[in-house]
Amino acid sequence: MEKDYLQLALATFNGGMWYGWKTHDDSGNKIPNDQRMTYANIKIIKDGATMPTEAEVNAKIQELKDAEQTAIDKKASGKQKLKDLGLDDAEINALIG
């Protein structure tokens, strides 16, 4: 299952669950569920919350993806360093999984 980076990013603003999703567009037409979770369909549901700009949300999404990739890269680098020290795959997996 692919991570929902939009929701992960939105949760970092305004102290958490401050948003919901519009169910109908401005003309009153129902928005299909598979099209609702977009920046354009965010609605504020928490008093005092402010809407981050789309650029801020996109920057946070990229920050989350970059941090995830950095963790993956560091794990791979650590495994390679252990191999360079002479450990085999079974020993490495026993240590770090």
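Let me start with a definition: a residue is buried under 20% relative accessible area, exposed over 50%, and partly exposed in between, using a 1.4 Å probe and protein chains only. By that rule Gln62, at 42% relative accessibility, comes out as partly exposed.

Before we go on, hi everyone, and a word on the model. It is a predicted one, where local features need pLDDT of at least 70 and side-chain atom pairs count only at pLDDT 80 or more, while totals for chains, interfaces and linings use all residues. Residues are numbered from 1 along each chain as its sequence is written, and side-chain values use heavy atoms, with hydrogens and water left out.

Back to Gln62, then. This residue lies in helix α3; helices here are DSSP runs of H or I with at least four residues, strands are runs of E with at least two, and both are numbered from the N terminus. Between Gln62 and Leu10 there are 52 residues in sequence, and their C-alpha atoms are 12 Å apart in space.

Lys60 sits in α3 too, which covers residues 54-84. Is Lys60 buried or exposed? Its relative accessibility is 19%, so Lys60 counts as buried. Leaving aside residues up to four places away in sequence, Lys60 touches Ala9, Thr12 and Phe13, where contact means heavy atoms within 4.5 Å.

Another lysine to show you is Lys65, which lies over the face of Tyr5 at 5.1 Å from the ring centre. The rule for a charge over a ring is that NZ of Lys or CZ of Arg is within 6 Å of the ring centre and within 35 degrees of the ring normal.

Now, how does α3 pack against α4? Two packed helices are described by the angle between their axes and the distance between the axes. For α3 and α4, the latter being residues 89-96, the angle is about 130 degrees and the axes are 10 Å apart. The axes are lines fitted to C-alpha atoms, for helices over the stretch in contact, and angles run from 0 to 180 degrees between N-to-C directions. Under 35 degrees counts as roughly parallel, over 145 as roughly antiparallel, 65 to 115 as roughly perpendicular and the rest as oblique, so α3 and α4 are oblique to each other. On the α3 side, Lys75, Lys79, Leu82 and Lys83 meet Asp89, Ile92, Asn93, Leu95 and Ile96 of α4.

Let's turn to the aromatics. Rings of Phe, Tyr and Trp (its six-membered ring) pair if their centres lie within 6.5 Å; planes under 30 degrees apart are stacked, over 60 edge-to-face and the rest tilted. That gives two aromatic pairs. Trp18 and Tyr19 are edge-to-face, with 5.3 Å centre to centre and 65 degrees between the planes. Tyr19 and Trp21 are also edge-to-face, at 5.5 Å and 75 degrees. Together, Trp18, Tyr19 and Trp21 form one aromatic cluster. Trp18 is buried at 0% relative accessible area, Tyr19 is buried at 4%, and Trp21 is buried as well.

Two asparagines to finish. Asn14 is in the loop between α1 (5-10) and β1 (19-21), and this residue has a positive phi of about 55 degrees although it is not a glycine. With a relative accessible area of 26%, Asn14 is partly exposed. Asn33, in helix α2 (residues 33-36), is exposed at 56%. Its C-alpha is 7.9 Å from that of Thr23, 10 residues apart along the chain.
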